[in-house]
Amino acid sequence: MQNPFSTLRQSIQSKITAIVLGLSLTFAVVSISVQLHLNYTGIHSLTVTALENRAKDTLSTIRYSLKKQDTSLLFHQLLSLADMPYVSNVYFVTSNGEEFWADNVTRVDQEGQNKEHTISIAEDGVGELNIYLALDTIENDAFNHALPSALIYLVEALAIALLLLITLRKTYIKPVKALVNSIDKIDLYRVNKFAIPKTLTRHEDEIGQLARSVQELYMRIRADAIEKRLSERTLKQHKSLLLEEVNARTQTVEWQNLANKLLADLSLRLLKGHKTNIEHDVRCSMPRLAELFGSDHIFWLSFEQDMISYRASFPEDSHQPTIDFSNMYKVKRWLMEAQSVAVVDIENLSDNALAERDFLEDVGIHSLAMFPLTDGRKSFGLLAATNNHTSLDWNENKSLLLTRFATMLSELTIRERDHFAMTELQEELIMANERLRVEAETDELTNLLNRRPFSRQLSAALYNAVDDASSVAVMMIDIDHFKAYNDIYGHLQGDNVLSRVAHAMSRVAKTWNAPIARFGGEEFSVLIPNCELDKAQKIAWQLCQTVRDLCISHQGSVNSGIITISIGGVTCEPHGRTKPNELLESADQSLYRAKHAGRNRAVMQPYLALDKEHL
């Protein structure tokens, strides 16, 4: 690559040489041109003056020759003028218009010649005399006379140029070249000590001032370069340290993000999953947990009384040795007092933990980190990360993750234990409520429904019948002469009769999927969904016959001598305004008619027909 200072040096030297030579040649050309002009003007002026004087003298002779009509004399005078230096021809025109040429040629031929100058002299009564000058000849003579001077001027110009170049070389070009060569040695990329030669800095002229300025500028640049190098080195060191710090923090942040995502995924999995599937959810999270810890195994231990069991482990096929803490006093003390993660390395165990060391050697564990699962009063489990052959690379973030994971397992275990307890309590409560509901809605003597659930089922049946456009039947049943039976046989036997009669009617009602209830005393009621009048009469007859078939003796029954029942009922196609109480009242009226007709019978009528009868 060409040095820019070398190019600059060559350019300045060439320019100076060109300028000096150009000025010298210009001076020589101007001098020669001036000399030529002076020579030409002088010759021309002298010739014209001489010719004018001679022409004035010649005119008198011409006048005489014309007067004497001496043509030879006239031509002689013209030729004498034509023979003068720098005269190419002479032309004379008389006052009568007669023309005469010194060389006897015409004017037309004269106009075809080269450079000429005409001198015209006229005199009244004689004519006009024209003298033609040969300007080419004058120019040639002027050039020939000026040529020696031109050569002298040219030699002088070249000599002056040479002297100027020599002077400039010594006084300017050589110092500048030395300065440029010195500057060429400057390398801004290498901070070397450099000094301009003293022969240049001692100069009192502009070159010396320039050399000193360059020296001072270089020293400032050198100082700035040194400072910049130091700054760059310091900045590079800081950048390297910062990059290492950024990489370390980036890895830490990425690790923390993975840890937080692990905990969040486990929390979400546990929220979506079933409470009885905790081990599976935790086991699914253990591979990532082991990767974050850099451990070979993860164990979740559970303490139940004096037994230690494995709830989950990674890998799933890991060896699960039997654990006995009875001789591990240091571990038991830590479980009672532990508030932080315990990191144990087999190489660092003290002599006070011989049982722990023997256990770790037996199961092939080199180091482990563990945190207890506790409810704040006692430990009920343990979460441990182990390495088989090397020490764990442990730090504060891993301790925090182990603590948070173990805390989550503690909360899950407590919640699981509370859930099981709550589930048992809820089941007992549900069973107690069911017993209370059954007792509240069931007649204790007959085990039939009582009036409240029957009324609820009647309302539901009416709504369904309205939607399905179907019919329902409602029956009221009464045991005939039951008060007399109690008076004769006693209330205990009366209760027995009620139970037997209710059981017999219940069998018939179940056949027709019809709810039956005890309304009170010896009164019963039956609800038959989707039932027309003919079907209702058939079911009523079956109920009466079933009770008669019991053949329970009744001395107070005048008509039959056994226990019988009377039934009154109605069938209805309900609409939106049909009320359950009105149906029961209509069925009770039908029961009254059955008793009035002699008992031991059933009276069934349509609900609307019954209303019209009352009207």
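**View 1. Helices H11 and H15 cross in this predicted model.** The axes of H11 (residues 451-468) and H15 (residues 580-596) come within 10 Å and cross at roughly 110°. H11 is therefore roughly perpendicular to H15, since angles of 65 to 115 degrees fall in that class. On the H11 side, look for Phe454, Leu458, Ser459 and Leu462, which meet Pro580, Leu583 and Leu584 of H15. The residues of this contact divide into 6 nonpolar, 1 polar and no charged.

**View 2. Helix H14 and what covers its buried residues.** H14 spans residues 533-548, 16 residues in total, and reaches 23 Å from its first C-alpha to its last, close to the expected 22 Å. Its buried residues are Ala536, Ile539, Ala540, Leu543, Cys544, Thr546, Val547 and Arg548. Their cover includes helix H13 (491-511) along with strands E10 (472-479), E12 (523-529), E13 (565-572) and E14 (602-606).

**View 3. A cis peptide bond between Phe314 and Pro315.** Here omega is about -10°. Pro315 sits in the loop between strand E6 (307-314) and helix H8 (329-337).

**View 4. Ala469, a residue with positive phi.** Ala469 is not a glycine, yet its phi is about 55°. You will find Ala469 in the loop between H11 and E10, where this residue is exposed, with a relative accessible area of 68%.

**View 5. Asn513, a residue with positive phi.** Asn513 has a phi of about 55° although it is not a glycine. Its place is the loop between H13 and strand E11 (516-520). Asn513 is exposed, at a relative accessible area of 65%.

Technical notes: Residues are numbered from 1 along each chain as its sequence is written. This is a predicted model: local features need pLDDT of at least 70, side-chain atom pairs count only at pLDDT 80 or more; totals for chains, interfaces and linings use all residues. Side-chain values use heavy atoms; hydrogens and water are left out. Helices (H or I, at least four residues) and strands (E, at least two) are DSSP runs, numbered from the N terminus. The expected span of a helix is 1.5 Å times one less than its number of residues. Buried means under 20% relative accessible area, exposed over 50%, partly exposed in between (1.4 Å probe, protein chains only). Contact means heavy atoms within 4.5 Å. Axes are lines fitted to C-alpha atoms, for helices over the stretch in contact, and angles run from 0 to 180 degrees between N-to-C directions. Angles under 35 degrees count as roughly parallel, over 145 as roughly antiparallel, 65 to 115 as roughly perpendicular and the rest as oblique. Ala, Val, Leu, Ile, Met, Phe, Trp, Tyr, Cys and Pro count as nonpolar, Asp, Glu, Lys and Arg as charged, and the others, Gly among them, as polar.
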